[in-house]
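Hi,

Here is the structure I promised to pass along. Have a look at it first, and then read on for what turned up.

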Amino acid sequence: FSHAGEEALTIFVDQRKLSKKLDVNDYMTNSSSVSLETLHQLAASYFIDRESTLRKLHHIQIASTAIKVTETRTGPLGCSNYDNLDSVSSVLVQSPENKVHLQGLQVILPDYLKGRFVQAALSYIACNTEGGFICKGNDCWCRCDQSFPECNCPYMDIQAMEESLIRISEAWTTLYKEFEDADEFKMFLKRLPQNYFLNISTLQHLWSMDSAFLRRYDLLENSMKALYSKAQRVVYKLFALSKRCQKQPQVTLTRESPYQLPCNICNLLYWSLIIYFIFRPLTYWLRYIQSLLYCTENNQEGSFSEETHSCLCAYDHSSCQVAIPCAIGEGQGCAACASENHTRCGNCNPRYMLSQGTCKPEVADSTENYLGFETDLQDLELKYLLQKTDRRLEVHAIFISNDMRLNSWFDPSWRKRMLLTLKSNKYRSNLVHMLLGISIQICLTKNSTLEPVLALYVNPFGGSHSESWLMPVNENSFPDWERTKIEPPLECYNWTLTLGNKWKTFFETVHIYLRSRIKEPGVNGNDSIYYEPLEFMDSSRNLGYMKINSIRVFGYSMPFDPEAIRDLILQLDYPYTHGSQDSALLQLLEIRDRVNRLSPPGQQSLDLFSCLLRHRLKLSTSEVVRIHSSLESFNARLPNSVNYKTTKLCG
């Protein structure tokens with residue numbers, strides 16, 4: 001109301017924007033466009049229905065920047081419960097400066113009533129009698145009464161903002177759909193080559209060469225920038241309206257996004273996410289095109305990963321994946337895919353030849369290409385490097401133990417189990433590894449009578465612990481541990497077992513069992529008696545503690561080509577040419593004999609070749625039996641053949 005005062009409504013109009021007939025269907029109940037005549041009608045209805053008129057003008061302000069509205073009220077007490085326009089001038093509050101004017105009745109009030117009068121009038125005007133008006137730190141709000149806990153929260157205005165964001169979200173979804181349905185997009189997909197694999201860089205090059213498709217993408221980008229600006233304005237207003245609401249409104253981004261953001265974090269988190277979901281970068285569309293090319297089998301849609309060269313499907317990892325063509329490239333890469341089967345290489349670049357589906361140098365491969373056995377180091381060089389525990393011979397393995405940790409003291413009364421593994425199938429599938437020695441640094445507390453006892457189990461190519469063999473330390477001329485004391489202050493020793501070229505063997509995992517025994521002088525004084533710690537019943541004596549500082553494995557890695565060996569095995573049933581089957585059998589025999597020759601000493605050699613087939617080539621038990629049968633049958637036909645038996649190690 002206005003008591004003995006005046007009211008005025010001023011509408012500033014930008015006719016250039018107004019002439020575009022902006023659609024306000026989203027903000028008004030009727031489907032009409034804003035014109036100068038509409039604004040005249042709203043201005044005329046201001047003094048008849050002020051609240052409804054101001055609400056409509058408020059919606060128009062939000063929808064566009066074509067108008068700016070100022071409401072001016074003068075007199076001793078001017079009030080309104082609608083203060084969402086650009087500026088409101090009043091007797092008591094003038095936005096945006098928030099200046100207080102003392103006029104009319106206030107002039108005649110005594111000083112001790114002026115402050116209370118102004119406070120009461122401000123609370124009545126700004127808070128609609130639902131709370132007390134307070135200002136602090138250049139910010140003013142209402143301290144709500146208990147009966148009106150949400151007096152600071154204009155729910156209808158917030159709801160209008162939320163609905164506006166939903167419509168914007170639907171608009172950009174529509175733009176993406178229109179882009180995917182555009183003739184330019186479909187023609188670009190249709191013209192893409194299908195006879196070789198298209199990586200991201202190749203797709204980007206083809207994209208840049210299509211001028212019509214580039215123009216259509218520019219149109220999409222410009223439309224998305226306009227939507228972004230509109231969403232930005234709405235979210236800023238929404239945040240300003242809801243910052244003091246107890247229940248925060250929910251901002252839904254897109255149908256693609258599962259996120260709903262409370263508006264009290266809109267200004268911090270919302271924009272980083274809205275940029276991601278509105279502006280799909282060029283790389284997104286390139287990956288999407290890859291998915292359309294290679295992940296749309298069986299009427300399903302999947303997501304293609306260039307890193308794994310596979311599809312992620314909704315139901316099954318391979319249910320949506322088509323046959324992916326081979327990749328072409330320079331040098332050792334493929335020059336062209338096979339015409340009858342695009343998944344295999346058909347031709348190689350100059351100075352390369354096609355062998356077993358891949359391009360290799362024209363120089364013929366030696367048998368070492370299947371599986372290497374020897375190192376370039378001579379015996380004397382190898383022995384010298386092992387004595388010096390040279391780091392060039394160290395094989396970096398992963399230490400695993402549930403019983404103890406490196407560099408930590410522990411009670412040695414109970415057996416400790418640990419292992420060093422290489423995880424070749426995961427990290428080094430093209431290598432096998434040879435064990436030349438192992439060095440363990442063990443420390444004891446001072447005056448300890450304990451002595452470590454070590455047992456090693458070697459797993460040659462992976463599998464379970466039961467597929468390992470016990471290293472016969474100091475048996476049948478097998479090397480023994482060498483103990484070397486390290487400089488004080490700690491009682492530390494290097495325990496080193498050197499195998500060298502004579503006793504080297506394949507290894508994938510080394511299992512180490514550490515026990516302790518108590519050393520006591522014998523009856524004669526010249527020999528020693530050893531007790532297990534649990535057998536030593538004198539509880540008054542401290543047995544001491546033990547720790548392992550480091551475990552180092554020495555050896556070298558050799559090239560291993562599982563695909564080439566599989567190809568040899570395949571020739572047993574499907575030979576390429578006449579005589580190739582015999583050639584494959586001879587090569588497999590040589591590999592089998594050389595592998596089994598590196599088994600540990602014993603009455604019979606261990607069948608390490610079966611372990612190689614089971615765990616590095618991932619063949620089934622029946623396939624391994626069939627291969628052995630073929631090799632034995634072929635070996636029996638050879639002149640001067642020697643049949644030898646082996647002990648089974650791997651199942």
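Leaving aside its neighbours within four places in sequence, which residues is C144 in contact with? Before the reply, one caution: this is a predicted model.

C144 touches E130 and G131 on the one hand, and P149, E150, C151 and N152 on the other, once neighbours within four places in sequence are set aside. You'll find C144 in strand β7, which covers residues 139-144. Its relative accessibility is 24%, so C144 counts as partly exposed. F133 is eleven residues away from C144 along the chain, and the two C-alpha atoms are 8.7 Å apart.

Now for the whole chain. It has 651 residues, and 42% of them count as buried. The protein chain holds 18 helices and 29 strands. Taking the contacts with a separation of 6 or more, 62% are between residues 24 or more positions apart. The accessible surface is about 36,500 Å², and carbon and sulfur atoms account for 50% of that.

One example of residues brought together from separate parts of the sequence is M434 and F506: they are 72 residues apart along the chain, yet their C-alpha atoms are separated by 4.6 Å. M434 sits in strand β19, residues 431-444. Is M434 buried or exposed? It is buried, because its relative accessibility is 0%.

Helix α17 (residues 608-616) is worth a look too. Eight of its nine residues are buried, so the helix is largely enclosed by the rest of the structure. The buried set is L608, F609, S610, C611, L612, L613, H615 and R616. As a reminder, an α-helix has 3.6 residues a turn, so residues three or four places apart point the same way. Just after α17 comes K618, with a positive phi of about 60°.

Positive phi values turn up in another place as well. N298 has one of about 60° although it is not a glycine, and for N299, also not a glycine, phi is near 55°. Where does N298 lie? It is in the loop between α11 (282-294) and β10 (303-305), and N299 lies in the loop between α11 and β10 too. N298 has a relative accessible area of 51%, so this residue counts as exposed, the cut-off being over 50%. N299 is exposed as well, at 83% relative accessibility.

The largest share, five residues, comes from α12. By class, the lining of this second largest pocket has nine polar, five charged and four nonpolar residues.

Over to you!

Note on methods. Residues numbered from 1 in each chain as written. Predicted model: local features only at pLDDT ≥ 70, side-chain atom pairs only at ≥ 80, totals over all residues. Heavy atoms only, no water. Helix = DSSP H or I, 4+ residues; strand = E, 2+ residues; numbered from the N terminus. Buried < 20%, exposed > 50% of the residue type's maximum accessible area, 1.4 Å probe, protein only. Contact = heavy atoms within 4.5 Å. Areas by Shrake-Rupley, 256 points an atom, 1.4 Å probe, with all protein chains shown as cover. Nonpolar A, V, L, I, M, F, W, Y, C, P; charged D, E, K, R; others polar.
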